[in-house]
Amino acid sequence: GISSSAKLWRASMPVDDEVDDSLNGRRKAYHSRDYKKSTIVSKWKEVQTNLFKLSTNADIEELDARLFPNEVALRNVNINGHVFGGLPEILYRNIFQDNPFKPGADSISNDLLSLPDVVTNDYFEAVTALHEENEPPVQCGLNELHRRISLIRLHHQANQLGLTLDPEAPWKFESDDVTNEEDPLNKLAKLTLADLCPTNPGDWIPYDRRFTSEPATGGRAMNVKNYGDFYRSRYCAPEEQEVSLDGLCQNKDEEKEKEGEHEDGNESVNRNEIDASAAWDILYGTIVKLKEEGNTALKNGYTKLAASYYDRALGYGSAAFMDYPHTTLDFIASHQKLLTKNDGKCTIWCALLKTFISTRLNLSMTLLKLSDPECAATQALLALQELAPFCAAEGMVLTGRKLQQFREDESFETYKEAKEMQAKAYFRLGSAKLKSGDNKAAIRNLERCIACTKDIDPDAKPERIILNRLTEAKRLSKKKRKKLSKKFKFAFSDDDQEDIGDKKPHGS
């Protein structure tokens, strides 16, 4: 057989002399990678459908909130069927997809960059097995499986960015060189606060006492008793290096006893008294952080990097605006009851919702720059659906399961802000339709964009960029009509036209 070390070597890409494996080199590579759409961006409605099916199963309560929207894997598995995943998927993807390393080539290839996607697929397959009343294909249980997969994903992100992990709270990335200052010579090597946000909210939120009264057991779960020397040398601070094995075990036992309390600055938070407002503030701050970094990347010309930040921001936003198994996240649970009552729509105009929709529209613009008008149009349409309750009429918000009821006495400011965002959404949608060649749809949506502005201020003049794009859509539509007219004009020869004219009605 092949030893574990040999297997690992064969699955790894060696670093040659041309690869910069320094911290700056890793971060440049991380920030320069191609943008890969998450299922939250590419399959929002499908993800919600799968989550709804899972939420109706009482056994899913066993997950203890460890299934977040962006952990729904639709590429390889779904609720109604499975295909293989795991390591075979990594190998077969190299064989069947466009890859310079084909079977029989001299070079060895791997797809370890996709490791987080692969383990996410595997976890979701285990969840769907429970939904279908099958035995989950793991012996450790789903909670423990999620802890291990979270640790894999966090290590993967940390290794790519050259970060260190807290063994007891690995979602807390640490680095001494985080900065938000502009560095024109080293932009891609810059490490920002947004980079310290875990890519997957499910690797952080259910384990942090600030979000839940019953945090899941996270971290490395190291067996200190049997591997004390390794733990001491690898994870202990310098002042703990001389602590005895019994002392290490005692320290960890004391930490478990204090699990009910969490020190945050000078405030002590009891595990049964979670500050929902503070939890929402943390979630909102994370989304803002990712969105702003996306704006900065887009401003500097790093379109793919900007799309990646926006995508991650929507992933965190989905934790607030999707319905999913949330058993221990009390601050999410009350909010999701409102979503259920209002056709899955948020009917409270707040900073979080505005930032979420704004991020979606920014991603729509970015996808258009990346020549993906179809997904750009999808993001604009989703934004319009999210804005719909606030744009029906001034002073009113649509509510109810089918949005057929309404709430009165909403401020004019809400209506004004929502209509402004609606105008932008129609502009993004019209631009995407123009890019994809659907000129009629482009004209229709660009005219709606202008109408939204007029709804707020009848005397307002449309921005020149809107008028220019509308003119271009009309020009292309007219050109297309002329081309079709010419094509039909010469569809028949002169002889065919004469034959048609000589034909007499039947029975004459």
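**Close-up 1. S318, a buried residue of helix α11.** At a relative accessibility of 0%, S318 counts as buried in this predicted model, because residues under 20% relative accessible area are placed in that class. The residue sits in helix α11, which covers residues 303–321. A polar atom of the S318 side chain lies 2.5 Å from the backbone oxygen of G315. When residues up to four places away in sequence are left aside, S318 touches I40, W44, P69, Y324 and F356.

**Close-up 2. The largest cavity and the residues that line it.** The predicted model holds 4 cavities of 30 Å³ or more, and the largest cavity has a volume of about 120 Å³. Its lining is made up of 12 residues, and those that lie nearest the centre of the cavity are K187, K190, E293, Y302 and L305. Two or more residues of this lining are given by each of the elements α10 (276–299) and α11, and the largest share, 3 residues, comes from α10. Sorted by class, the lining of the largest cavity has 4 nonpolar, 4 polar and 4 charged residues.

**Close-up 3. The second largest cavity, with lining residues from α7 and β2.** The second largest cavity has a volume of about 60 Å³, and the residues that line it are R147, S150, L151, L154, P170, W171, D203, Y207, G218 and G219. Helix α7 (142–161) and strand β2 (169–174) each supply at least two residues of this lining, with α7 giving the most, namely 4 residues. By class, the lining of the second largest cavity consists of 5 nonpolar, 3 polar and 2 charged residues.

**Close-up 4. The hairpin formed by strands β5 and β6.** Strand β5, residues 396–399, and strand β6, residues 405–408, run antiparallel and are joined by 4 bridges. Within this pairing, L398 stands opposite F406, a residue of β6. The two strands form a hairpin with 5 residues between them, and in the turn G400 has a positive phi of about 95 degrees.

How values were computed. Residues numbered from 1 in each chain as written. Predicted model: local features only at pLDDT ≥ 70, side-chain atom pairs only at ≥ 80, totals over all residues. Heavy atoms only, no water. Buried < 20%, exposed > 50% of the residue type's maximum accessible area, 1.4 Å probe, protein only. Polar contact = N/O pair within 3.5 Å; in protein donor to acceptor, adjacent residues only side chain to side chain. Contact = heavy atoms within 4.5 Å. 1 Å grid on protein atoms, 1.4 Å probe; cavity = no way out; pocket = protein on both sides within 12 Å on 5 of 7 lines; lining within 4 Å. Points joined across faces, edges and corners; volume = space filled by probe spheres on them. Nonpolar A, V, L, I, M, F, W, Y, C, P; charged D, E, K, R; others polar. Pairing = 2+ DSSP bridges.
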